[in-house]
Amino acid sequence: GCGACTVMISKYDPFQKKILHHTANACLFPICALHHVAVTTVEGIGNTKSRLHPAQERIAKSHGSQCGFCTPGIVMSMYTLLRNKPKPKMEDIEDAFQGNLCRCTGYRPILEGYRTFAVVSGFRQCSKRSGRTVMSSSLFDSSEFQPLDPTQEPIFPPELMVRWRMANCQPDLKQVCFKGERVMWIQPTTLQELVTLKSQYPNAKLVVGNTEVGIEMRLKNMLYPVILAPAWIPEMNAVQHTETGEEKERQYLLSEWELQYKRKTVSYFCSCFSHACDQVRDMLYHIYSFHSSSEILTHSPLISPCSTEGKRTVTMDEKFFTGYRKTIVKPEEVLLSVEIPYSKEGEYFSAFKQAYRREDDIAIVTCGMRVLFQHGTSRVQEVKLSYGGMAPTTILALKTCQELTGRDWNEKLLQDACHLLAGEMDLSPSAPGGMVEFRRTLTLSFFFKFYLTVLQKLSKHQNGPVSVAREGSATELFHKDPIASTQLFQEVPRGQLVEDMVGRPLVHVSAAKQACGEAVYCDDIPHYENELYLTLVTSTKAHAKILSVDASEAQSVPGFVCFVSAKDLLHVYTLTDGGSKSGLQVTCVGHIIGAVIADTQEHSRRAAKAVKIKYEELKPIVTIQVSWLRSVPSISSQSSVNFAIHTWLFSHVFSHSMWEYSFLLLSPFFLNCIVQFRVCLINVSFNRIGRPVRCMLDRDEDMLISGGRHPFLGRYKVGFMKNGKVKSLEVSYYSNGGNSADLSHGVSKINFLAGALIHVYTDGSVLLTHGGTEMGQGLHTKMIQVASRSLGIPTSKIYISETSTNTVPNTSPTAASVSADINGMAVHNACQTILKRLEPIKQANPKGSWEDWIKTAYENCISLSATGFYRIPDVGYNFETNKGKPFHYFSYGVACSEVEIDCLTGDHKNIRTDIVMDVGTSLNPAIDIGQIEGAFVQGIGLFTMEELRYSPEGNLYTRGPGMYKIPAFGDIPTEFYVSLLRDCPNSKAIYSSKAVGEPPLFLSASVFYAIKDAIYSAREDSGVTEPFRLDSPATPERIRNACVDTFTKMCPSAEPGTFKPWSVRV
């Protein structure tokens, strides 16, 4: 997940006799599980009216909040860490944020602000003079931060402790049962109660953290009528150490279990704790990962299921998993304990994982490998190789292990093992999950890493020579140093008035409210009386005729009001561009067919899923290649050249995926057919029912109906002479615009107009409204700064009113990074009107104050309200004649990036990036640098990990954070240096500034090309020197497949056309 809803869960543990604090995702944590638990939200630790908590203050004042949607979750992750460790290390801080995502800031300012909590902050601020220009790196002053005082934190509620009877550590609790419309939640307090309930309800799910069942019920349409919550059962809340040197684990938080194993020399799965973030790890009880069939088999631990018939002990071996998410544990049994052996002398264990993203991501392939040698030798006595992601269940490479037993650990064993694994770890080319060649290659790469790791340890323990110098880097565990960064900007000129805030790093005006949960987002708008909820009904077919739509089953859902479809809109709306009237066609998965209105969100969702639609399927066109072949004639070859190269370029689909979920917002421009259709559905619903209707899309719904940025297929031909001189070039680009004629098929004339409205009140305060939309980019903050300089008053006197068409009509879209330019000029224009009216008064009283002048103007009946207007002059371009002025000015920037790739896994690390960006004379260096860093990190996602994946039938797989991965805290460059180009004023925009926001995104291409250079180097080491194709994004799959070596050759691709792939590129 994104972690935006992170809260702190606190409870008293009678077994450890202390209060435990953990993070949890509120969207998943069941309210029923909060019995005897305290919940702390961001609103509970501080507010703007009294006092911000230091965790809130520092993220706000260090410019770590832009749109602010993720800010409360990040604050609570930091707060929980401080409650557990008031003096954390920087490593602790970075680990605490592994479950939090941010789309705006680029993460750097968040880490810099919270670095001030670290034991050794290492925080640097400096200024340097270059001629008359002073460059500074001081975006905030850490000396102004209030200190952290752990004694002032809220106490744990005493009433949650009095229920515990401490004799024999037995809780004084009674069984609790909650009953809903469809689900019953039972919380037993004794083991006997639990096994009795499991016998009574054998299909009941056991839930503690709800990290899996919650997702299944919320996103996968699964229903579990009975849920058992064993969190308070004493027998299932302990770790025991036996005399035989084994550790018997029972129900235990994974994060606590990790600490137990870090204190012991147990070589079991310790290297795989990175598979979950704190929000998941803190709520996950390790024993239940066995229940969900997510363990890897290496040590063959003993597990003890029990039921009303008693307890039994079974070995967790290759027979343990019987099918996908199925084990030999019987439905009526409860997994009571797991016995895990200590490692022995001469025994070595390693675990490996490869995912799209290093932090908080499910593995593509994971494995555990163990080998035991005969005493004092390098001869294999026992070996186990276990893989996840290569079959519906965890599997053992039994044939390979059998062949390796009794052999010496040497180069011959390595070669034979890889050939055996290549045959045994085979996958169908149509295997679910795709990436078949990559996954097969990883099985060999992981074993190679394991082989080298063990060889090193053998050499060390047996005092033998270390013979793996060349490949030694393959044995190194991933390590990322704390970030080092510097941000340089030009200080304001000497003599600039203190109250003139233009050019100064003013904090985002909404940052404090965002940091304490007071900022109001779309779904925070209070509910109206008698409000109903609307859920869209969308197509499950990419191309089909609708034969019938049956909503009769939906009518039986409690709270159902009505079903609205296209036929209800025909008198108010003409469907175009493939719109779906009854009996006509749907042209994509996610095409809106209708909507269900009910009394609650949950009821409307259930009813929408109950609507039955019959289709007559038609052949879909999913990929741009198929569309191109059907519509574009072949390009003739060129002559008069020595050589000609014909090839393809391919950019990819990319989803912006801001974390605030889509809400009903009406914009006067760029309403494509999907948004128009959705708006009309809600309008018709309101008119038909006469009650307010709310529509709030979850992330998966939003991504399904909104589509992504349009990928381009490029075909180019180049002719050149033997000396390399290019003689001719022909390039054609084809944009995949999806199923609707929106921005891909030409943009109507855009009038870059802006308006503003200024009200000045008799006390001297100013209310400012403009036509731009604040979405985190600091537009409101900059407009306050512009008004401050224009009127010559402090920013503290200026207040902003949210954008609305009843104050500033006919606004231009807040897009193309020009909003500060055009709205700033409109604000300046309005301010000049006010100043012109005040001029006679100022001349009559030149020593008067702003308040004096305003009071006099009011007494003399002078209007203190003015509108402002601005349009970009002389911008227009004719694509047919290739004439005109397409842009008012140009934005410049340069970036240099250094990366390191793992040639065996396709993983990469962003080591360093240096950026110099021309933003003219910055209106606000903190905001501009934040926009540059945020765009760059978003571009890292664009060029290295974010990809929409579709089935051959056109079904979108990547509908949310579960499969669509954006960069996390650990993906930013370890060294991140950003400088604003000095002494470069821009006379064509407000106060000599320039646009910022979108332009820096493409600077992330430096990361992509650095990766490609690294691949070139790796290929040269393998003796491969010819050019190669690397499509964007450079995912681990593409990086690894491009690093051609012995292992990739052992896992060849199947011939195209001989199989049906799991996914296709659109």
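User: What is the relative accessibility of D914?
Analyst: This is a predicted model: local features need pLDDT of at least 70, side-chain atom pairs count only at pLDDT 80 or more, and totals for chains, interfaces and linings use all residues. Residues are numbered from 1 along each chain as its sequence is written; side-chain values use heavy atoms, with hydrogens and water left out. Buried means under 20% relative accessible area, exposed means over 50%, and partly exposed lies in between (1.4 Å probe, protein chains only). D914 counts as partly exposed because its relative accessibility is 28%.

User: With which residue does D914 form a salt bridge?
Analyst: A salt bridge is a side-chain nitrogen of Lys or Arg within 4 Å of a carboxyl oxygen of Asp or Glu. The closest N and O atoms are 2.6 Å apart, and the partner is R912.

User: How many salt bridges does the rule count?
Analyst: Side chains of opposite charge can pair when their charged atoms come close. One of the pairs is D416 with R407, at 2.8 Å from N to O. In that pair, R407 is partly exposed, at 23% relative accessible area. By this rule the count comes to 37.

User: Which residues are linked in a network of salt bridges?
Analyst: Here the pairing goes beyond a simple couple, as the residues form a network. Its members are E947, R1029, D1031, R1038 and R1065.

User: Where do E57 and K61 both lie?
Analyst: Helices (H or I, at least four residues) and strands (E, at least two) are DSSP runs, numbered from the N terminus. The side chains of E57 and K61 meet in a salt bridge, 3.0 Å from N to O. An α-helix has 3.6 residues a turn, so residues three or four places apart point the same way. E57 and K61 are four residues apart, about one turn, in helix α1 (residues 54-61).

User: Which helices are included in what covers the buried residues of α1?
Analyst: Seven of the eight residues of α1 are buried, so the helix is largely enclosed by the rest of the structure. Those buried are P54, A55, Q56, E57, R58, I59 and A60. After α1 comes H63, with a positive phi near 65°. The cover includes α2 (71-84), α4 (108-114) and α13 (511-515).

User: Which side chain of opposite charge is nearest to E1037?
Analyst: Lys and Arg count as positive and Asp and Glu as negative, while His and the chain ends are not counted. E1037 sits in helix α23 (residues 1036-1042). E1037 is buried yet has no salt bridge; at 5.1 Å, the nearest side chain of opposite charge is R949.

User: Which residues does E1037 touch?
Analyst: Contact means heavy atoms within 4.5 Å. Residues up to four places away in sequence are not counted, which leaves Y356, M435 and F438.

User: At which residue does UniProt place the feature "active site"?
Analyst: UniProt positions are given in the numbering used here, feature names are shortened, and annotations may be inferred rather than shown by experiment. The residue lies in the loop between β41 (975-980) and α22 (1005-1021). The UniProt entry is unreviewed, and it places the feature at E998.

User: Which residue touched by E998 carries the UniProt annotation "binding site"?
Analyst: Not counting residues up to four places away in sequence, E998 touches A816 and S817. A816 lies in the loop between β35 (798-800) and α19 (819-844). At 38% relative accessibility, A816 counts as partly exposed. The "binding site" annotation, from an unreviewed entry, covers A816.

User: Which strand gives the most to the nonpolar patch?
Analyst: Patches are made of residues with over 30% relative accessible area and no salt bridge: like charges are joined within 9 Å, nonpolar side chains (Val, Leu, Ile, Met, Phe, Trp, Tyr) within 5 Å. F712, V726, L729, V731 and Y733 make a nonpolar patch of about 490 Å². Among them, V731 is partly exposed at 36% relative accessibility. With four residues, the main contributor is strand β32 (residues 726-735).

User: What share of the accessible surface of the protein chain belongs to carbon and sulfur atoms?
Analyst: Accessible areas come from the Shrake-Rupley method with a 1.4 Å probe; for residues, only the protein chains shown count as cover. Of the 1066 residues in the chain, 53% are buried. The accessible surface comes to about 48,200 Å², and the carbon and sulfur share is 52%.
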